[in-house]
2 protein chains.
Amino acid sequence: MRIGELVRRTGVSERLLRYYEEQGLLNPSRLPSGYREYTEAHVETVRRIRCLLAAGLSTSTIATVLPCLEARGERLAPTCPDVVGQLRAERDRIDQAMRDLRESRQALDLVISAARG
Amino acid sequence: MRIGELVRRTGVSERLLRYYEEQGLLNPSRLPSGYREYTEAHVETVRRIRCLLAAGLSTSTIATVLPCLEARGERLAPTCPDVVGQLRAERDRIDQAMRDLRESRQALDLVISAARG
DNA sequence: CTAAAGTCTCACATGTATGTGAGAGTCAAG
DNA sequence: CTTGACTCTCACATACATGTGAGACTTTAG
């Protein structure tokens, strides 16, 4: 499919799809015209990217993780221990983020329910 | 206490403490010299601000919520229903963020444990 | 008194994801 | 062939939290 359809399928703007490609997260092939050509798999990849971005990972970290996820089952694991350490750190950061979210959610709830029982 | 101590107590930079004040989140009194003077309560307020920021709320939204939290017990609730609606939206956003975090955490775990069983 | 540490304001810079517009090429339908 | 929809690259802009440095004043310690 071309970019327009991927936009429709994912809800992500053209601009961002091109940006993700520039950051090495997506590598569509090209038609003779130069148009990008995406596959079904890209739809899921974009979804993952959005999810990881929402979790606060940077595009460059995502670039590290994505290939591993795509090769899931064939256990393509990151090679250098550097990367693993970094991922562990991200995971810890996520755990902390979840704690913060829980607390903030609670705070919001407090205010919302105070608005009217 | 003056700003330096608050920096030590909270781990938040001078720059940010002044920024939070500029955004209406913090209102220390001033000494005759013009120096800011913070109270014990401000330590906790800063902690809350950090937590809400981490949850993805903007400083202006936080400005809305903070007074309600500070008056907790005296149930100072937001007045206009506009605000409540906005807060509900934030809460929903947080819920989604938590789902994303869970999913991303799982993805990271997958990669990390693939690195070596 | 003096020096050093603390603080003030102001302003410019940065990073990262994202928007927006211009100008040109491509493709499909009439 | 022409028009309109789609796509391309490129570049400049934005929002927001945050860093950094300059120049001046205040406070504290020797």
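How many nonpolar, polar and charged residues does the surface near DNA strand C have? The legends below take up this surface and then the pairing of the chains.

This is a predicted model, in which local features need pLDDT of at least 70 and side-chain atom pairs count only at pLDDT 80 or more, while totals for chains, interfaces and linings use all residues. Residues are numbered from 1 along each chain as its sequence is written, and chains are lettered from A and ligands numbered from 1 in the order in which they are written.

**View 1. The surface near DNA strand C.** By class, this surface has 7 nonpolar, 6 polar and 4 charged residues. Helix H2 (14-22) of chain A and helix H1 (3-10) of chain B each supply at least two residues, and H2(A) gives the most, with 3 residues; helices are DSSP runs (H or I, at least four residues), numbered from the N terminus.

**View 2. The side of chain A that touches chain B.** Here 33 residues of chain A are in contact with 33 residues of chain B, contact meaning C-beta atoms, placed from the backbone, within 7 Å. Helices H3 (40-54), H4 (59-70) and H5 (81-115) of chain A each supply at least two residues of this side, and the largest share, 21 residues, comes from H5(A).

How values were computed
Ala, Val, Leu, Ile, Met, Phe, Trp, Tyr, Cys and Pro count as nonpolar, Asp, Glu, Lys and Arg as charged, and the others, Gly among them, as polar. Two residues are in contact if their C-beta atoms, placed from the backbone, lie within 7 Å.
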